Amino acid sequence: MTYGPSTPKPSPDALASHGAHHDDHGPYAPVFAAGTAPRAELDELLTRYPNKMAGLLPALWIVQRERGWVSDEAMAEVADALDLTAAYVKGVVTFYTMYHQHPVGKYFIQVCTTTPCHVCGAEGVVDAFLQHTGCGELGVTSADGRYTVIEVECLGACGFATPVMINEQFLESVTPQRVPEILAALP
Amino acid sequence: MGYPHPSHPRETPVLSKHFGEPEARTLKGWRDRGGYVALEKALKMDPAEIQTIVKDSGLRGRGGAGFPTGVKWSFMKPDGKQHYLCCNADESEPGTFKDREIMRWTPHALVEGVALGAYAIYASVAYIYIRGEFTEPLEQVRAAVKEAYAAGVIGENALGTGKTVHVHVHQGAGAYICGEETALMNSLEGRRGNPRIKPPFPAVAGLFGQPTTINNVETLAATPHILNNGAEWYKQFGRPDNPKSVGTKLFSVCGNVARPGNYEVPLGFNFGEFLWDLCGGAGEGREIKAVIPGGSSVPFLTAEECRTAVMDYEGFVAAGSMLGSGGVIVFDDRQDMVRQIARLCRFYAHESCAQCSQCREGTAWTTKILERIAAGDGVAQDFDTLLSIADNMTGKTICVLSDSCATPVVSGLKKFRHEFEAKLKASPNVVSFAGTATAAAAPRAAGPTV
Ligand SMILES: Cc1cc2nc3c(=O)[nH]c(=O)nc-3n(C[C@H](O)[C@H](O)[C@H](O)COP(=O)(O)O)c2cc1C
Ligand code: SF4
Ligand code: FES
C-alpha cells in the first residue's frame, strides 16, 4: 500500500501512546460480546436489512467508535458476527477512506483541499494545522499522540471554505489565523 | 435563501424557506410549517396516481442526470415483489452542498419526501444513504426518523392509514463513488462501492437484487410540495418557452465569490444576474475568470458565457456546459487554471474505484501530466497526449466518473489553452510539431518523464 496525503501512517509513537483507544497489546477483547450494548445495537441494526452482510458498514462504525480504529482482530470478529470471511471484511474496509486501519491521534483532523477550497486558500489551513499540532507531516501522529492531520477530498461544505473535521466535530470557514484558537479549545 | 446570507428578493424559497430556523428541525416545528400533510394525503391515494402527478409536474432528478422523476417512478409496478427506495445523500461532488443544508435544517422535509416516494413506488422500506463525513446531517436526520417513528408518522400503520413505510438511515464511510447509484447499492449491501454494469437497471434488479428506485435528497424533498400544491403550480416555475425544465432549484455557490451559499431560484433564471447580483460577483475587487456551473464534472464557462447563460437543463447545454448537480464553482482572475484543473483531476484519481483500466490509469496519468505541466516541466506534445487519454476515458467505462475527469481537461485546454502554453518548458531538446506524425513518432527527448 502506498501512503498518500489522505492515508494515516502507522506511527510507532501512536501505537505506544494511544491510551484509551489502543487494543493491539494483550489478548483481543471482543467488541460485540454477548450482553453488551454494542451487541444489542448491532442486533437492532440487523433487523433493518434482509441479510447480515448489509450490517457490515454499520458494524465497522461501531467498532471504530468503541476502539478508535479497526484492527485485523476486529475485522475477524465482525466477519464472525456477520457470517463473512475476514478477508472479505478487509477487502471492504480498505475500500473506504474513513475506517482507520491503524491507531490515529486522539484528535483526527481532516482538512478539505479539493478545488473549491483550494481556490480559497485551504493549503494555508493545512500548513497551520501541521505547524501548530507539531505533526509536521501529513498522516503522521504527533509525538504526544494527540494529533493526526490529513488532507481530504470535498467534505460537501464548499461554500464554507475551509471546512475541517476534528473527530466528529465539523468546523466551517476555518482560516489559518483561527487554527491556534481551535486547537487550544480542544480538551 | 442564500443561507448563511439573508434571502435575496429575487429568490423563490420553497425547499430553503426554513433554512436557519432551528425549530423547523423538530416534528412539531415541521408540522407547524405544514409538514406531513402531503404524506397523509399521499398515503390515502393509489401509488399510480402519485406517479402521474409527479410525472405531470415535470420534476427532474436533482442529483445530476436530470432524469424525469415521475417517469422513473412509473417503472415500478405493483408486481408483488419487495421494492426499495434509496435516497442518495452521498453528496460529494465538489462544489455541491445543497443536500447537506436540506438535511441539517429541514430533516423532516427529507423524511416526508422519502416516505412519500417509497409509498409511490410500492416500497415498504427506504434507506437514506448519508455520506459518513456529514456528522450534523446524520444527527439531524436520525433524530427526525426517530421522532417520526415514535409519533407513528412512519413505520407500520403510518399516520393511521394502515400503510407500512419504514425509513432507515445508513451511514457511508468515505468514497465519492458511492454517490453513483449502483455503487451506492453495493455499499449498502456491505460490499466495496464498485458501480455495477447496467443493464440490469435498478428498476429491474437493484438493492438486494430487488426492483429499486434511487433519488437525490433535493428531488425527494420537492415531492411533498408538488403533492400539496399540484403539478400545475410546480410548472409555473420556469421560462415559458421551455416546458422541459421546471420547478425551483437549489444552487450551491462556492470558490472566489462574494457571497457563497445556497440560493433557490426558478429554473430558467439568468445566470449573469444570478452570479453578479445575487452572489455579488467575485468579490474583493476581482473579476470572474471561469465558472463551473454544475459540480466539478461539467465543462467550464468563461465569464462572458456566464452573462447570457440560462439556468436550466437545456440552457446550460446551449451555453456549452451542463446543469449537473447545481454546484457553482467560481474562479477569479488570480487563479492558475492549469493548477486548478490538475487539482480537480487529482480528486478523480483519488476517487476512481479502479475497476476499469481507462479510468484507473487515465485519471492517474492525466493528473501526473497536468501536475508536471503546472510545475513548468510540460512539453507541447503533452496536450495531444492529454486529449488522447481523455478520448480513451470518455464513454468507455462502467460509470461516468472517468468521463468526469476528462471533462475539465478537454474544456480547459479549449478555453484556457494560452495558460497551458505559457507554462511549457522552454527546452532546446524538445522540438514540438503538435499534432503531426513527426511529433507523435519522435522519441521523447531526455527530460522529465511522467
Ligand atoms: C461518480 C458519480 C457520483 C454521483 N454522486 C451523486 C451524489 O452524491 N448524489 C446524488 O444524488 N447523485 C449522485 N450521482 C448521480 C446518481 O447516480 C443518480 O443519478 C441520482 O442519485 C439519481 O437521483 P435523481 O434522479 O433524483 O437525480 C452520481 C453519479 C456518478 C456517476
Ligand atoms: S469509471 Fe472509474 S469509478 Fe466508474 S466504475 Fe470504472 S473505474 Fe470505477
Ligand atoms: S471542496 Fe472543500 S468542501 Fe467541497
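## A walk through chains A and B

B:Pro199 sits in the loop of chain B that runs between helix 8 (181-188) and strand 4 (212-216). Before we go on, keep in mind that this is a predicted model.

While we're on loops, have a look at two backbone angles. A:Ser173 isn't a glycine, yet its phi is positive, at about 50 degrees. This serine belongs to the loop between strand 4 (169-171) and helix 8 (179-184) of chain A. Is A:Ser173 buried, exposed or something in between? With 15 other C-beta atoms within 10 Å, A:Ser173 counts as partly exposed; the buried label would take 20 or more, and the exposed label 12 or fewer.

Over in chain B, B:Ala354 is a residue other than glycine with a positive phi, this one near 75 degrees. Its loop joins helix 14 (337-351) and helix 15 (357-374) of chain B. B:Ala354 has 16 other C-beta atoms within 10 Å, so it comes out as partly exposed.

Now step back to chain B as a whole. It splits into domain 1 (22-235), domain 2 (248-332) and domain 3 (337-441). Take domains 2 and 3 of chain B: their C-alpha centres lie 25 Å apart, and eight residues of domain 2 are in contact with ten residues of domain 3. What is the domain 2 side of that contact made of, by class? Five of its residues are nonpolar and three are polar, and there are no charged residues on that side.

Next comes a sheet in chain B. Four strands make up an open sheet in the order 3-2-1-4, with parallel pairing. Strand 3 (166-171) and strand 4 stand at the edges with a single partner strand each, so one side of each has no neighbour in the sheet. On average, and ignoring direction, neighbouring strands here are turned by 20 degrees against each other. Strands of a sheet pair through backbone hydrogen bonds, either parallel or antiparallel.

For a closer look at one pairing, go to strand 2 (residues 123-130) of chain B, which pairs with strand 3 in the parallel sense over six bridges. To get your bearings there, find B:Ile128, which stands opposite B:Val169 in strand 3 of chain B. Then look for helix 9 (residues 217-229) of chain B, which lies across strand 1 (83-89) and strand 4, running at about 90 degrees to strand 4.

Strand 4 of chain B also takes us to the ligand. Around ligand 1 there are 22 residues, and the closest are B:Gly61, B:Gly63, B:Gly179, B:Asn216 and B:Thr219. Which element gives the largest share of this shell? That would be strand 4 of chain B, with three residues. In terms of domains, domain 1 (22-235) and domain 3 (337-441) of chain B each supply at least three residues to the shell.

Methods. Residues are numbered from 1 along each chain as its sequence is written. Chains are lettered from A and ligands numbered from 1 in the order in which they are written. This is a predicted model: local features need pLDDT of at least 70, side-chain atom pairs count only at pLDDT 80 or more; totals for chains, interfaces and linings use all residues. A residue is near a molecule or strand if its C-beta atom, placed from the backbone, lies within 6 Å of it. Domain bounds come from an automatic or database domain assignment. Two residues are in contact if their C-beta atoms, placed from the backbone, lie within 7 Å. Ala, Val, Leu, Ile, Met, Phe, Trp, Tyr, Cys and Pro count as nonpolar, Asp, Glu, Lys and Arg as charged, and the others, Gly among them, as polar. Two strands pair if DSSP finds at least two bridges between them. Axes are lines fitted to C-alpha atoms, for helices over the stretch in contact, and angles run from 0 to 180 degrees between N-to-C directions.
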